[in-house]
Every structure is written in structure tokens, then in C-alpha cells.
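This briefing goes through selected helix contacts, the nonpolar core and some backbone features. Please have the sequence and the structure open while reading.

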Amino acid sequence: MFFHTHVYYAKKVDKNLDALKVIGSIIPDLAGTSIITWDHLHKKKDILNFSSYVKKSYPDFASLLKGINYHNTVDYLSHLRYKNSTPGYAYASSTVELITLTQKAYRVTPERARISAHNNIECGVDYHILNDHPELSKLIKDSIKKIDMEGLAKLMAQYYKRSEREVLDSLNIFFSVATDYDFRTIDGLVELLVALNKMYLKTDSDKKLTRKVLELSFRITEDTYREFIETSIAVRNTEIKDC
Ligand SMILES: [Zn+2]
């Protein structure tokens, strides 16, 4: 799922939400910058190892782990299993029409279009949730300001065996993606998706078709996003899983 959906979930399930929990609830997607991989903070094995390391060496960052746990719960429901059936919500909601349109808009292979279509469903959910709760943008911005970013870079650099400078640069890129775009408007999201596709897929997206992709994603998710997020909140099963 996207940033605001994760943060909304964290806010709803945690009465003692703090800045590190907010950051933890979005940090696994730092994989988008390639400083860590999608197997790192999205897979059970790495999350458990990382958690032991943080508890032992950086106990002040323990709240971050709680946030990562929240991220894991929502992604599992979105990717793998939702309401007792597979796949998860975002894949199950990706229609043939959406996948075909995504392929044309992003100029990617059919397999990549299938993955990107699930991202577009998640983007639709995020759009609806953020428009219902616009205060979530400020919560992310304030949390970024509050945490010890250099400490976080140091902790991650040691664990993932990268330089602190590299990790700090990636964190800065990641958090600017989370805050520099207007996630509440279709114009802002077109800009975001075109930039993300350029950065990660190395493709030049068609802007007009990207807008159509978003319009379709908004329509597909508008009747189900509330149920998705409310079901996720109600599950309360926060055992770490592969997602
Ligand atoms: Zn994720």
C-alpha cells in the first residue's frame, strides 16, 4: 500500500502513535530507492533479524519496529490474502481493463503491467483515504522532522552493509517522494507516477493514459476501499509474515 494508507492504519490501531512508528509504517518501501531490496523489510526472515538487531543495538529505535509490523499487516492483506481468499485486495481488484490500460500507459511488459496495476489500485485507495483524512500529510511531514534521521541512516547502514552517506541520500529521496507531491489530486498523482516510473522502471509514461489509469483505479476502489481498511484494522493480527 501507499504512504497515507499505512499511516492511517497505524493511527487507527495505535493509541500511542509516535513519529518513529509513523516512519516505520512506511520505511519498508524504501526498497523503491534500491538501497535495500523488496525481500528485506517485506519478508519475515529479514524483519525478524532486523528487529533483533535494533532491539539489541539501537533500543531507542524500538518504536520503528512496531511501525514495520503495521506495514507488514496491511501489505499482506493487500498482496497475498484478503477475506480468506488469495490473492490480496490490490491484486484481486486489478481488472483486465486496468492491466491493459496500465501496460499502454507505462509502456511495460504484460508481467510488469500486472504488478503496476496492483500499485495503481493501492494508489486509488490512498487517494480516497487521504481525501477523507487530509491531516495525514501533515502527520508524515511532522514525523520526518521529529525523528533522528542520521541515527536511522547509521542503524540501517550498519545492518545492510551500505555507507551511511548512501543510506541518508536514499532516505532523503524516499521522504521527498512521500511529501513533495499532492497525493490528494489527480494532477499530483499523475506527476508522481510518471516520476516513479521514470525512476524505477526507466520508462517514459504516457501522461494522458496515466490519468485514465488513475481515473479507473479511483472508480474501481471507491466502493471497496473503506471495507479494505476497516477489515485490516479489525484483523489485528500483527504476526510478521512474508508480504
Ligand atoms: Zn510495502
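**Helix contacts and local features**

In α6, residues Leu98, Ile99, Thr102, Gln103 and Tyr106 meet Pro110, Ala113, Arg114, Ser116, Ala117 and Asn120 in α7. Two residues are in contact if their C-beta atoms, placed from the backbone, lie within 7 Å. By class, this contact of α6 with α7 has 6 nonpolar, 4 polar and 1 charged residues. Nonpolar here covers Ala, Val, Leu, Ile, Met, Phe, Trp, Tyr, Cys and Pro; charged covers Asp, Glu, Lys and Arg; the others, Gly among them, are polar.

The model is predicted: local features need pLDDT of at least 70, side-chain atom pairs count only at pLDDT 80 or more, and totals for chains, interfaces and linings use all residues. Residues are numbered from 1 along each chain as its sequence is written. Helices (H or I, at least four residues) and strands (E, at least two) are DSSP runs, numbered from the N terminus.

**Helix α6 and its surroundings**

- The axes of α6 and α7 come within 8 Å and cross at roughly 105°. Axes are lines fitted to C-alpha atoms, for helices over the stretch in contact, and angles run from 0 to 180 degrees between N-to-C directions.
- α6 and α7 are therefore roughly perpendicular to each other. Angles under 35 degrees count as roughly parallel, over 145 as roughly antiparallel, 65 to 115 as roughly perpendicular and the rest as oblique.
- The buried residues of α6 are Leu98, Leu101, Thr102, Gln103, Ala105 and Tyr106. A residue is buried if 20 or more other C-beta atoms lie within 10 Å of its own, exposed if 12 or fewer, and partly exposed in between, with C-beta atoms placed from the backbone.
- The cover over these buried residues of α6 includes α7, α11 (186-201) and α12.

**Helix α7 against helix α12**

- Helix α7 (residues 110-132) and helix α12 (residues 207-222) have axes that come within 8 Å and cross at roughly 70°.
- α7 and α12 are therefore also roughly perpendicular to each other.
- Their crossing is right-handed. A crossing is left-handed if the near helix is turned anticlockwise from the far one by less than a right angle, and right-handed if clockwise.
- On the α7 side the contact is made by Asn120, Ile121, Cys123, Gly124, Val125, Tyr127 and His128, and on the α12 side by Val213, Leu214, Ser217, Phe218, Ile220, Thr221 and Glu222.
- By class, the contact of α7 with α12 has 8 nonpolar, 5 polar and 1 charged residues.
- Glycine 124, found in helix α7, is buried, with 27 other C-beta atoms within 10 Å.
- Not counting residues up to four places away in sequence, glycine 124 touches Ser217, Phe218, Ile220 and Thr221.

**Nonpolar core**

- The largest nonpolar core has 66 residues, and those with the most contacts inside it are Val7, Tyr9, Ala10, Ile140 and Leu189. Such a core is a set of buried Ala, Val, Leu, Ile, Met, Phe, Trp, Tyr and Cys residues joined through C-beta atoms within 7 Å.
- α7 gives the most to this core, with 8 residues.
- Leaving aside its neighbours within four places in sequence, alanine 10 is in contact with Leu17, Lys21, Val22, Ser25, Gly67 and Tyr70.

**Backbone in the loops**

- Most residues other than glycine have a negative phi, and most peptide bonds are trans.
- Arginine 107 lies in the loop between α6 (96-106) and α7, and its phi is near 55°, a positive value in a residue other than glycine.
- Arginine 107 is partly exposed, with 15 other C-beta atoms within 10 Å.
- Lysine 83, in the loop between α4 and α5, has a positive phi of about 50° although it is not a glycine.
- With 12 C-beta neighbours inside 10 Å, lysine 83 counts as exposed.
- Threonine 86 and proline 87 are joined by a cis peptide bond, with omega about -10°. Proline 87 lies in the loop between α4 (62-79) and α5 (89-92).
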